[in-house]
Amino acid sequence: FPTSDQADDAQFMIGESYFAAKKDAEAVAAYGEVTKRYPTGNAAPDAFYKRGLAMERMGNLDGARDSWQQAVKAHAETDAGRLAKQGLDRLAARKP
């Protein structure tokens, strides 16, 4: 079913399951599959954003920043793009 209209949503939900279970490395990988396989799918903006959240929770701030920058660049007009911008602002405020 990788070509189904809902394949990106299904893959995103796998990431959500891992994220909820605080299995952040697995969540990052699952969200990454969404952005790689379905970059124009409706789940891509949220996958970039949530991938950044999982990376932030793991302490990988550079990875979070990269994911959120991609979300803002490609999906600025979406809720996920706006949330990613807030994440970038939060990271910028943490710098000494």
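**View 1. Buried residues of helix α3.** In α3, the buried residues are A44, P45, A47, F48, Y49, K50, R51, G52, L53, A54, M55 and E56; buried means under 20% relative accessible area, exposed over 50% and partly exposed in between, with a 1.4 Å probe and protein chains only. Because twelve of the 15 residues of α3 are buried, this helix is largely enclosed by the rest of the structure. The model is predicted: local features need pLDDT of at least 70, side-chain atom pairs count only at pLDDT 80 or more, and totals for chains, interfaces and linings use all residues. Residues are numbered from 1 along each chain as its sequence is written, and side-chain values use heavy atoms, leaving out hydrogens and water.

**View 2. Packing partners of helix α3.** The buried residues of α3 pack against α1 (7-20), α2 (24-37), α4 (61-75) and α5 (79-94), a contact being heavy atoms within 4.5 Å. The chain has five helices and zero strands; helices (H or I, at least four residues) and strands (E, at least two) are DSSP runs, numbered from the N terminus.

**View 3. Length and end of helix α3.** Spanning residues 44-58, α3 reaches 21 Å from its first C-alpha to its last, close to the 21 Å expected at 1.5 Å a residue. The expected span is 1.5 Å times one less than the number of residues in the helix. G59 follows α3 and has a positive phi, near 90°.

**View 4. The surrounding chain.** The C-alpha atoms fill a box of roughly 45 × 30 × 15 Å, taken along the principal axes. Of the 96 residues in the chain, 43% are buried.
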